[in-house]
Amino acid sequence: MSLPDGGREDSQRGRYTNETIGSADTMIFYFSGTGNSRWAAEQIAALTGDETRDISRLEKTPEIRNERQIGLVFPIYAWGVPEPMLDFVKTLEKTNAFTFGVCTCGEEAGLAMKKLSALYPIRSSYSLVMPNNYILGADVDDDQMARQKIHEAEKAIQTMAREIIQRKAVYRVEEGSLAKLKSGFVNFGFNKFARSTKAFFAEDSCNGCGLCARNCPAGTISLMNGKPAWGRQCYQCLRCIHECPQEAIQYGKGTEKRGRYTIGRYLQDR
């Protein structure tokens, strides 16, 4: 089965074997839960001529020695960089390529981009406001708000792409108030205590389709007796909750009356 980003799917694992890694000289690596960051990466790539790669599907660290441009796109989790992106950049070779980073967020990014740049030098940094999807904390945006955010994001990406093509050194990140506290103490607490999988469960409406298990970036979901079961490792991307066709997956009682979000539903009528 051929896939949009040039890899080949391993039918048993649902991952890419990535036979074409390193074929381009400009590359955007992204991590995405419910699609915001993937969409942003693909929109930027369409304007800059980059290729995109989903880091959760890479089998090995790519060879980037000959890349002229490297982009990193990811969502903000509790004012910080998601674990898979942090782990990825730690293995990424430092080169003379022009580098840029884009983080998608509901409103604020804190010091996430600065912390990432301390691990892997980034020349240009941006935050991009996208529809809210962290329904453990609040409900999703209504349709009007979600569409407005996507519309504004499209315009922001146009500007980003022009600056990236021109190799401009830019720092346009909405850090928000108390950024040091949020990206330090609060983010530490999130990673230490708030990523438990114990509260996940599937309601009786679950039909055992297995979509959650196939698409989990952490590979922590398996089917047991036709129902999803969660292991220990979880990024809290909430893809399993938002993509469930039956809306059968919940996290405790807090998500039962809240909406679901994937960017795909807002792109179908475009």
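Colleague: Which helices each supply at least two residues of the lining of the second largest cavity?
Modeller: This is a predicted model, where local features need pLDDT of at least 70 and side-chain atom pairs count only at pLDDT 80 or more, while totals for chains, interfaces and linings use all residues. Residues are numbered from 1 along each chain as its sequence is written, and side-chain values use heavy atoms, with hydrogens and water left out. A cavity is a set of points on a 1 Å grid over the protein atoms alone where a 1.4 Å probe fits but cannot get out, and its lining residues have an atom within 4 Å of a point. Taking helices as DSSP runs of H or I, at least four residues, numbered from the N terminus, the ones you want are α6 and α7.

Colleague: How much space lies in the second largest cavity?
Modeller: Its lining is made of 16 residues, and Cys216, Cys234, Cys237, Leu238 and Cys240 sit nearest its centre. If you take volume as the space filled by probe spheres set on the grid points, the second largest cavity holds about 100 Å³.

Colleague: Leu238 is in that list, so is Leu238 buried or exposed?
Modeller: Leu238 belongs to the loop between β11 (227–230) and α7, strands being DSSP runs of E, at least two residues. Its phi is near 65°, a positive value in a residue other than glycine. Most residues other than glycine have a negative phi. Buried means under 20% relative accessible area, exposed over 50% and partly exposed in between, with a 1.4 Å probe and protein chains only; Leu238 has 2%, so it counts as buried.

Colleague: Which residues lie nearest the centre of the largest cavity?
Modeller: The largest cavity has about 130 Å³ of space. Here too, α6 (211–215) and α7 (239–243) each supply at least two lining residues. Out of 17 lining residues, the ones nearest the centre are Cys209, Leu211, Cys212, Cys244 and Ile249.

Colleague: With those cysteines around, how far is the sulfur of Cys244 from the closest cysteine sulfur?
Modeller: A disulfide is a pair of cysteine sulfur atoms within 2.5 Å, and by this rule the count comes to zero. Cys244 is buried, at 14% relative accessibility, whereas Cys209 is partly exposed, at 39%. The closest cysteine sulfur to that of Cys244 belongs to Cys209, and it is too far for a bond, at 6.2 Å.

Colleague: Now for the loops: which backbone nitrogen does the side chain of Asp139 reach?
Modeller: Asp139 sits in the loop between β7 (124–129) and α4 (143–165), and at 36% relative accessible area it is partly exposed. Leaving out residues up to four places away in sequence, Asp139 touches Asn132, Lys257, Arg258 and Gly259, where contact means heavy atoms within 4.5 Å. At 2.8 Å, the side chain reaches the backbone nitrogen of Gly259.

Colleague: And which side chain does a polar contact join to that of Asp54?
Modeller: Asp54 is in strand β4 (residues 51–54), and it counts as buried at 5% relative accessibility. A polar contact pairs N or O atoms within 3.5 Å; within protein, one must be able to donate a hydrogen and the other to accept it, and residues adjacent in sequence count only if both atoms are side-chain atoms. At 2.8 Å, the partner side chain belongs to Ser56.

Colleague: Last one: what is the phi of Ala78 near?
Modeller: Ala78 is in the loop between β5 (69–75) and α2 (83–91). Its phi is positive, in a residue other than glycine, and is near 50°.

Notes:
On a 1 Å grid over the protein atoms alone, a cavity is a set of points where a 1.4 Å probe fits but cannot get out, and a pocket is an open set with protein on both sides within 12 Å along at least five of seven lines; lining residues have an atom within 4 Å of a point.
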